[in-house]
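Have the model open while you read.

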Amino acid sequence: MSKSPIIPEEEIQKARHPMAEAAEMFAKNYAAVAALIVLLLIVLAAIFGPTLYPTDPFEMVWAPFSPPGEGGFLLGTDYLGRDLVAALLHGARVSIIIGLAAAFMSVFIGVTVGALAGFYRGWVEEVLMRITEFFQVLPTLLFSMVIVALFGASLPIITIAIGVVSWTAVARITRSEFLRIRELEYVMASRASGASNAKLMFKIILPNALPPIIVQAALMVGSAILFEAGLSFLGLTDPNVVSWGQVIGSNRQYILDASYTVTIPGLAIFVTVLCISLVGDGLNDALNPKLRQR
Amino acid sequence: MEPLLTVENLRIELTTRDGIAPVIDDLSFDLHAGETISFVGESGCGKSMTALGIMGLLPDKIGRIASGKIIFNGEDLTTTSEQRLREIRGNEISMIFQEPMTSLNPVYTVGEQIAEVLRAHQGLGKKAAWDSAVELLDAVRIPNAQRRVSDYPFQMSGGQRQRVMIAMALACEPKILIADEPTTALDVTVQAQIFDLLRDLSNQSGTAIIMITHDMGAVAEMAERMIVMYAGRNAEQGPVENIIDHPRHPYTKGLISCVPHIMAKLTKERHELTEVGGIVPSLSEFGQDKCLFASRCNMVTQKCLEKRPPEIEFKGGHRSACWFAEKV
Amino acid sequence: MSKAEKSDVLLDVDNLTVRFAIKRGGWGKKSYLYAVDDISFEIKRGETLAIVGESGSGKTTTALAVARLVAAHQGTVALDGVDFLSLEEEALRLTRSKIQFIFQDPYSSLNPRLRAEKIVQEPLDSLNTVSEAERQPIVDDLFKAVGLHPEQQRLFPHQFSGGQRQRIGIARALSTQPDLIICDEPVSALDVAVQAQILNLLRKLQTDRGLTYLFISHDLGVVQHMCDSIAVMYMGKIVEHADRMSLFNNPLHPYTTALLSAVPSVDKKRRKATKRILIPGDPPDPLALPKGCRFANRCPVAQDQCLQSQPPLRQVAKGHKVACHLVTEKATSPMVGLKLPS
């Protein structure tokens, strides 16, 4: 028998990481890329804005209720004559930090709980999932209000309050991914060659479970910003720190007389959260292998 | 005798990201009433696409019949209206699929599903359709049909579900039954039952069967004639006996000898299996003016790379598309 | 066990039982599904044993239990005389490397996020018995041994075809220099032309490296080609266990006979010689097994005693065991001379 080459002499393709392919896919989604750019601008403004525009957002700089443009103040002043540009720039920092920190916290709790439940099954899963359900049925806003009321309205407490009420979705997603992936044959193969449980969980299963978790985390940043705004609006916030929600909350009585004091920070929240969900959507499409084929 | 179905120079094109690819390229064959013809080849060679083309079920906007004719009972299916095609589908030409687990709707009883076909195509009343459903289940040898007719698909085994699919396909006494890998998902003993059933039904009713498979053994058991497809083209076709005794295309030869078969008397020695190196070319290479099998062929010459081989005739309607068919 | 015997038999499985708890109605009401029910077999070093059977026969569960990927309820799996199932911790981890697995599905058996070289190297990393510097040369050798190009090491699984992926899976299984490789339907997901490549590779590796295979398959043609002896399973039990020649040329159990007759063949002589034996009906409910022979309800020659008591697996000829009441001491099948309805 003539010994034909086992592999046809094909050109060896460039080895590309699945993540590199996902990045290319993401780049084709124009809405998501545009949203990402806007988001980056917002983050840059939050980082450098206060240095470049050092006006104290709590200082009275001009007559109250000056509409945008008057007296050289681009966005005008609020009911105490404070500069709204300064409030927006300083507030961006707080809103984004709380959004990121709370999302990070809920991902951390959620992934841990979901991974343990999905990997070990049995009674571990029963206990953890009952706990998850318990948190899921809590009225989230009320529960976080209770936490803030009990422990005081400081940034870390607010972050924790938001994180504690929003990790359940991540836990459920992680668990279901773990349940699916742990039965796949490559996980079996690793078990057959003596991989430890920790290695199986974190080095083999978790990286493959990440795509939906990443998407969920991105969306969580958006909802955490909204949540913080909600709490601030109700006055449950650190009075010494300015955030977008707090600006809306403190100006809410004057919504009819000086609507811009409420709409401008509202618009900031709207644009940020919209961009985050567009990016999240783009990530979802890029990381979903079913859409990536062909 | 006039053939029941004549396919002439059929060309089906599929729009892919890299352009238009002819997934079926100049395919011709005849099918007579009561006959079983088998399509053989690896996945991606166009076996299922041929079936979908005949059924008029090519994927919307992506696939289309570019040229050629499909003449069924004197009527050209490539030019007929969608309305008429719908009448023919399920009524005169029906199809069964590989996966009996997902081809049945899980929320209706099997009786309801069979009766629905009868009511839609033959305008039977509720009672009459239900009674025929019981008869059909009985005909496909499901024991206790009277009772099983109100079972849901999940209450049946894989083999029974495939039989229900066959019952549905046969409900309107079609002239042609297309079976796309009907037993791949089933165990061999169940496969034997299904083959037996198909053969009997075909003998009784004169239904012609087009069977798509990759299993040469199944072809030998079931079909009178076979068509070996490679990369969208007809590699070889003719009577099964002739081809298995003396394949005239290196691809057919490879397909037969690369599988370890159970022989009448097993001997101690075991030969190394013949390998057909490489894999089926990708769609972007389809349609080139050369022999598409050349890259995997151990008889390849310069000629094969320069021009598409014509079909060479042998006795008994045996045709092979290879420059060296006589030498194989 | 004498010294000579010990070196001859690599794997000795005794009274292996695997059961799964099934919750059925009510609170905490459990019944058990015996996927593998008290089976015993052994494999000699350097040989291949095939376990064949249809879906639900327990063949894959047996393979998983031997590799300790599902927990056995009872029984022992002795590898080189040491009971693998009773090992713990470090000893278990080290012994695991002696039993490796080749999976059916070339798509889900490779971690999509790792490069091919990393996939092959991973068992070495887990085992950690060779230094990191020595691992790359081992991977290079394995790539060559399974017929892949060295350049392909950098690729990810989705860049390979099904057959190539299966080669990577084989290289991974070989990386720890195992004694026993369990092949669970290694070619059934591949196209026929590619199957031959993989089967030839497996046989070549076996001769080159003195490997022992436990080969799980439903394809009797493949089994016939690959194996030295065959165990036929039906509903969790081994019904017949014989060397290759005896099983294919003189099947004794009615189920084996029916199974063999059902395989379609291109051999005209065989088609004429074998009368297809159709076994009617379906296997019994695995949660409510009959007290007699499990095949009795479909067996064309079943008699009263078959419904009354379970036949034990007994030796009827040299190297030929069968679990059927009706097989005579002279090892003739009860199917011989059976008048089949045509």
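What covers the buried residues of H4(C)? The cover includes helix H8 (185-192) and helix H9 (197-233) of chain A, together with helix H5 (132-145) and helix H6 (162-174) of chain C. Helices here are DSSP runs of H or I with at least four residues, strands are runs of E with at least two, and both are numbered from the N terminus.

Before going on, some housekeeping. This is a predicted model, where local features need pLDDT of at least 70 and side-chain atom pairs count only at pLDDT 80 or more, while totals for chains, interfaces and linings use all residues. Residues are numbered from 1 along each chain as its sequence is written, with chains lettered from A and ligands numbered from 1 in the order in which they are written.

**Helix H4 of chain C**

H4(C) runs over residues 116-127, and nine of its 12 residues are buried (20 or more other C-beta atoms within 10 Å of their own; exposed is 12 or fewer, partly exposed is in between, and C-beta atoms are placed from the backbone). Among the buried ones are Glu117(C), Gln121(C) and Glu122(C), along with Ile119(C), Val120(C) and Leu124(C). Just after the helix, Asn128(C) takes a positive phi of about 60°.

**The core**

The largest nonpolar core has 265 residues; such a core is a set of buried Ala, Val, Leu, Ile, Met, Phe, Trp, Tyr and Cys residues joined through C-beta atoms within 7 Å. Ile114(B), Ala167(B), Ile182(C) and Phe215(C) touch the most other members. Helix H3 (residues 84-120) of chain A gives the most to this core, 17 residues.

**Where C meets B**

On this side, 36 residues of chain C are in contact with 38 residues of chain B (contact: C-beta atoms, placed from the backbone, within 7 Å). H7(C) supplies the largest share of chain C's side, eight residues.

**Chain C in numbers**

| Item | Value |
|---|---|
| Helices and strands | 12 helices, 12 strands |
| C-alpha span along principal axes | about 65 × 55 × 50 Å |
| Buried residues | 50% of 342 residues |

The model scores ipTM 0.84 and pTM 0.84. Chain C has a mean pLDDT of 88, with 94% of its residues at 70 or more; pLDDT is the predictor's confidence in each residue, from 0 to 100. Over residues 1-6 of chain C, though, pLDDT stays under 50. Where pLDDT is low, the predicted coordinates should not be read in detail.

Conventions. Contact = placed C-beta atoms within 7 Å.
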